[in-house]
Amino acid sequence: MSAALVAVVALLLAAVSVVMGLRETRLTCTPAACVIVKTYPSSRTEHSLAGLEVVEIYEGSGKQRGVWRVSVIDLQGTPIRLHSTTQDGAEALKRELEQLLAGQRETLERVTPPTYWAWLFAPLLLVFAIYEVRAAIRNRGRYVKAAKPSSSSFAGSLKRPLLMWLGLGVGAFVVAAIANFVLARGLADSTGVLRLECRHRCDFGGMSCMPGGVTEQSLNPGEYTVKIWNPAVAGSWEPRKVRVEIGQLTRFVCEPGG
């Protein structure tokens, strides 16, 4: 990467650090709706709370581990994320939201202040960019282009490894395709397929299928329980039985009742 390009990237990162350092997020909720306002760049998002009763908190995964997200669940079971904070903060906000939805309070507010510490990176990146620009100016015209190898010798040096990697790739694809075909044929003689079409949130086998999603699983024959999101029943989950037969595709639509 040339010094000039490195300088441009550093300047862009400096600008981003300044903008992120200025960003403030404000959550304001009433029994009717929650409004999320962000600054730099400014945005405003409103989520209706009409008819909603359930609040969920869960921890992020990977790099977001340790960050807890607070969501209200709409009538179809889709989580609407409102706020991210620590575990204690998430549990406190969950209690306050449940009080709000139950009519026990009139409003609540949470403010995520600007992360001013992000500004520390801006001057460092700016100095680095200036250094790279100076290096690019000093080195301009100093380099002599090395003699290029002939096209024939260059092509010959690349031909053999390219053919080897191409052969390996094709071979791996063929082996995987054959293995999948054999496995599918073997499973078809002893299992069935359950296809979940999720109009509401649907939980099955430790997996959640959100509204609008579709999922298929190969299963041993037998009767299984699918849980469907339904705020009208106790616990908000409606259990439904579905039977899977050998060699058959069982289509199940996730929606309450019926």
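Good morning, colleagues. Please bear in mind that this is a predicted model.

I begin with the cores. The largest nonpolar core has 18 residues. Those with the most contacts inside it are Leu27, Cys29, Cys34, Leu49, Val72, Leu82 and Leu97. Two or more residues come from each of strand E1 (25-29), strand E2 (33-38), strand E5 (68-73), strand E6 (79-85) and helix H2 (87-101). Of these elements, H2 contributes the most, namely five residues.

What does valine 72 touch once its neighbours within four places in sequence are set aside? Its contacts are Leu49, Leu52, Val54, Val55, Thr78, Pro79, Ile80 and Leu82.

I turn now to the disulfides. How many are there? The count comes to three. With bonded cysteines counted along the chain, the pattern reads 1-2, 3-5, 4-6. Let me take them in order.

Cysteine 29 and cysteine 34 are bonded with their sulfur atoms 2.0 Å apart. The torsion about this S-S bond is about 110°, so the disulfide of cysteine 29 and cysteine 34 is right-handed.

Next, cysteine 198 is joined to cysteine 209, with an S to S distance of 2.1 Å. Here the S-S torsion is about 120°, so this disulfide is right-handed as well. The bond links distant parts of the chain, since cysteine 198 belongs to strand E8 (residues 192-198) and cysteine 209 to strand E10 (residues 207-209), eleven residues apart. Cysteine 198 and cysteine 209 are both buried.

Finally, a disulfide joins cysteine 202 to cysteine 254, S to S 2.3 Å. Is this link left-handed or right-handed? With -40° about the S-S bond, the link of cysteine 202 and cysteine 254 is left-handed. It connects strand E9 (residues 202-204), which holds cysteine 202, with strand E14 (residues 249-254), which holds cysteine 254, and the two are 52 residues apart. Both cysteine 202 and cysteine 254 are buried.

My last item is serine 236, found in the loop between strand E12 (222-229) and strand E13 (237-244). Its phi is near 70°, a positive value in a residue other than glycine. Serine 236 has a relative accessible area of 10%, and therefore counts as buried.

Thank you for your attention.

Note on methods
Residues numbered from 1 in each chain as written. Predicted model: local features only at pLDDT ≥ 70, side-chain atom pairs only at ≥ 80, totals over all residues. Heavy atoms only, no water. Core = buried A, V, L, I, M, F, W, Y, C linked by side-chain atoms within 4.5 Å. Buried < 20%, exposed > 50% of the residue type's maximum accessible area, 1.4 Å probe, protein only. Helix = DSSP H or I, 4+ residues; strand = E, 2+ residues; numbered from the N terminus. Contact = heavy atoms within 4.5 Å. Disulfide = S-S within 2.5 Å.
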